[in-house]
Amino acid sequence: MQRRTFLKSLLLAGMPMRVLADTAAPAGEFFVFIHAAGGWDVTLWADPRNEKKGIIHPAATDNTDPSQVRHWVDAPMEDGARTFQLVKARSGAVFGPGIGGLLDVSDRITVVNGLAMNTVSHPDGSAFSATGRHLVGGRSPAPSIDTMVANELGREQMFPTVSVAFPSSYVGDGLDRRVVPLTVGQIGSVSRSLARTELYDADADRDEVTALLSQEANDLASRSAYPDVLRGVGLQMESLRRMLGSKLSDAFSADALRKAHPQFNYKGRFHGASSVNAAFAVDAMKRNVVRCVSFSLGGFDTHNTNYRTHAQLLQETMDLVAILLKSFDDTPHPTLVGKKLADHTHIVMVSDFCRTPQINQQGGRDHYPNNSALVVSPRFKGGLVFGKSDPEQLLPAKVKKFIDGERAIAPPDLLATFLSSFHVNPRKYMRDGEVVPELLKA
Amino acid sequence: MSPLRSAAIALGAAAIAGCGPKELVPPQVGPKLTVTSTSTQDSAPKEELRMVPAEAYMRTYLALFGGLAPLEVQKRARGGDGAQLFDTWDDYFSSLGFPDYRIDMPRSQQTNALMVATFERLGVALCDRAVEHDLKAKPPVSERVVFAFDEAAGPAPLDRAAFESRFDVLHRTFLAYPVKLAPTERAARFFKLYGDVHARHAKAGGKARFSPDEAAWASVCYGLVRHPEFHLY
């Protein structure tokens with residue numbers, strides 16, 4: 001037996017029984033995956049530092065503009081600049097001022113600190129956070145978390161995954177062609193793709209063409225030695241018929257979404273335009289046409305003086321997630337009577353990596369191989385901060401004994417834990433990662 | 001000459017004679033090979049079908065619809081008639097599978113339902129404009145870009161034979177081989193599509209901008225420009 005196979009079998013033996021039990025995958029769950037693109041500064045929110053210690057130079061008034069950061073309260077620092085006071089949440093957790101609107105719902109959020117990234121490359125960090133694997137030859141060798149979840153729980157949904165500039169990947173065996181992420185640069189482009197004019201032809205004409213093409217694809221598949229791709233095209237043609245038959249263009253129109261969901265901050269300095277993606281998530285889940293919505297929020301790559309507004313950027317990010325959560329609270333579940341969307345919607349937010357504990361010569365922070373992640377899920381323990389980084393260098397610190405020894409938690413562990421909470425065996429998709437039961441509700 | 005010298009010369013001459021041309025082996029007729037078994041040549045593809053790169057099918061669209069530059073095609077597809085057949089290429093960049101380096105979006109490796117929807121949007125725009133150019137404006141057949149055949153003479157739909165000869169022109173244009181080499185049911189399927197659309201538009205009484213025959217040929221064009229064989233290889 002090879003060493004890896006042996007370790008895997010040990011790992012599986014160590015998984016909680018409920019993970020491996022032959023339990024039916026739950027129905028009616030929805031997912032939002034957010035990528036904070038560029039690498040966020042965890043010392044300003046999840047893993048706060050307000051003391052000069054070791055190589056750590058905290059955010060302070062000489063490098064940060066705190067004027068619009070609501071939870072920034074000045075604290076003295078020895079060289080005359082003022083840093084921030086730690087923000088204590090109801091749950092007992094301690095955050096930095098970038099926590100923004102999530103402070104009010106701190107008992108519902110799970111923060112994972114000290115994630116070992118082993119990379120400071122944007123594409124690699126993004127892929128590692130989303131798939132649990134580093135890039136191989138510049139390509140992702142594994143499916144991303146939205147694809148995995150959609151393959152398990154969203155095959156029958158009209159849109160298993162809509163991915164707006166998220167690092168989604170569709171790689172590996174055993175994936176249904178229907179769950180190929182619908183990857184777009186902006187949500188409005190979906191409505192343009194679905195727009196049709198009736199001046200020349202009728203819906204019935206186009207529908208008949210699509211039905212014919214579905215038949216053609218299936219017939220070619222039946223003659224082919226490699227029928228999967230053709231069968232997949234046939235299924236996608238059928239999905240198109242359902243999409244166009246449901247008159248969904250409003251759900252994807254940026255203007256219509258802004259009108260239908262005015263609670264989001266569309267005029268926000270950093271994420272005003274991206275707030276439409278969050279509105280889309282609420283709208284499409286309310287209509288029960290999507291299973292996963294994944295999107296990116298940009299602007300975190302602050303190597304120079306643009307770091308001065310990093311705390312504001314984080315605040316706006318967390319505000320967006322808080323509004324999203326509130327919207328799910330206020331929206332009834334489309335299929336489960338008496339339930340709210342929030343009862344069955346799961347949000348995971350990751351970033352490429354974090355930023356250096358030192359301030360560089362340009363007044364910004366560079367890339368650093370540590371990270372934090374946020375999970376808001378009814379299946380995860382709320383008000384929990386798990387994992388840690390060392391006090392002087394902000395590097396991931398050992399947090400518990402895993403099957404391969406004592407070490408820091410890493411993205412594959414978080415993703416495996418997330419999958420396992422839906423009774424999905426992570427080994428079906430992931431080479432690495434171990435379930436961390438401490439993160440899950442009993 | 002000493003006996004020793006004579007012997008050496010004789011030995012050398014014998015060695016040189018040994019390096020001369022070899023005897024030719026005369027050709028012979030071998031025994032006839034006996035057939036022990038027969039099998040057909042395995043010409044099946046040895047890997048899954050793949051998507052044609054987005055740049056390749058985009059170039060093909062441009063070539064098929066008149067060999068125009070992308071911006072010119074965009075201008076023609078949008079038109080000035082308020083038909084809203086098309087917007088700009090930029091709106092469909094990612095959903096057509098192109099990489100978008102402005103937002104670090106990689107190339108799509110697989111089709112998805114949205115891409116299939118975008119192919120339809122684009123195919124409808126291109127085919128409708130081609131019908132306007134070729135069938136409505138009625139230039140000589142040699143100047144037509146897609147529908148390089150004579151249209152039906154009257155309001156009645158074409159019969160099967162007349163349809164198939166014209167369908168073959170389109171089939172060769174879009175899929176690059178004669179329809180008689182395609183699976184046998186294909187021509188019948190497209191003939192049914194042609195007939196159904198023709199009947200639907202005839203019944204609607206000319207509400208659309210296309211005549212029944214034009215609408216029927218437009219639908220056939222939609223089917224070929226979005227055919228799995230067009231996008232996969």
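Biologist: In strand β13 of chain A, which residues point one way and which the other way?

Modeller: Start with the general idea. In a regular strand, side chains alternate between the two faces of the sheet. Now the case here, in a predicted model. Strand β13(A) covers residues 373-376. Ala373(A) and Val375(A) point one way. Leu374(A) and Val376(A) point the other way.

Biologist: Are those four residues of β13(A) buried or exposed?

Modeller: All are buried.

Biologist: Which way does strand β6(A) run relative to β13(A), and how many bridges join them?

Modeller: Strand β6(A), residues 110-112, runs antiparallel to β13(A), and three bridges join the two. To place the pairing, find Val112(A): it stands opposite Ala373(A).

Biologist: And how many bridges join β10(A) to β13(A)?

Modeller: Three, and these strands also run antiparallel. Strand β10(A) spans residues 345-351. Here Ile347(A) stands opposite Val376(A).

Biologist: Let's turn to a helix. How many residues of α3(A) are buried?

Modeller: The general idea comes first. An α-helix has 3.6 residues a turn, so residues three or four places apart point the same way. Helix α3(A), residues 122-131, is mostly covered, with seven of its ten residues buried. Among them are Gly125(A), Phe128(A) and Thr131(A).

Biologist: What do the buried residues of α3(A) pack against?

Modeller: Their partners in chain A are β1 (30-36), α4 (145-153), β10 and α12 (411-420).

Biologist: How many residues of chain A are in contact with chain B?

Modeller: 42 residues of chain A contact 49 of chain B. Helix α6(A) gives the most to chain A's side, with twelve residues. That side divides into 26 nonpolar, eight polar and eight charged residues.

Biologist: Where in chain A is the pLDDT below 50?

Modeller: Chain A averages a pLDDT of 91, and 94% of its residues score at least 70. Over residues 1-23, however, the pLDDT is below 50.

Terms used. Residues are numbered from 1 along each chain as its sequence is written. Chains are lettered from A and ligands numbered from 1 in the order in which they are written. This is a predicted model: local features need pLDDT of at least 70, side-chain atom pairs count only at pLDDT 80 or more; totals for chains, interfaces and linings use all residues. A residue is buried if 20 or more other C-beta atoms lie within 10 Å of its own, exposed if 12 or fewer, and partly exposed in between; C-beta atoms are placed from the backbone. Two strands pair if DSSP finds at least two bridges between them. Two residues are in contact if their C-beta atoms, placed from the backbone, lie within 7 Å. Ala, Val, Leu, Ile, Met, Phe, Trp, Tyr, Cys and Pro count as nonpolar, Asp, Glu, Lys and Arg as charged, and the others, Gly among them, as polar. pLDDT is the predictor's confidence in each residue, from 0 to 100.
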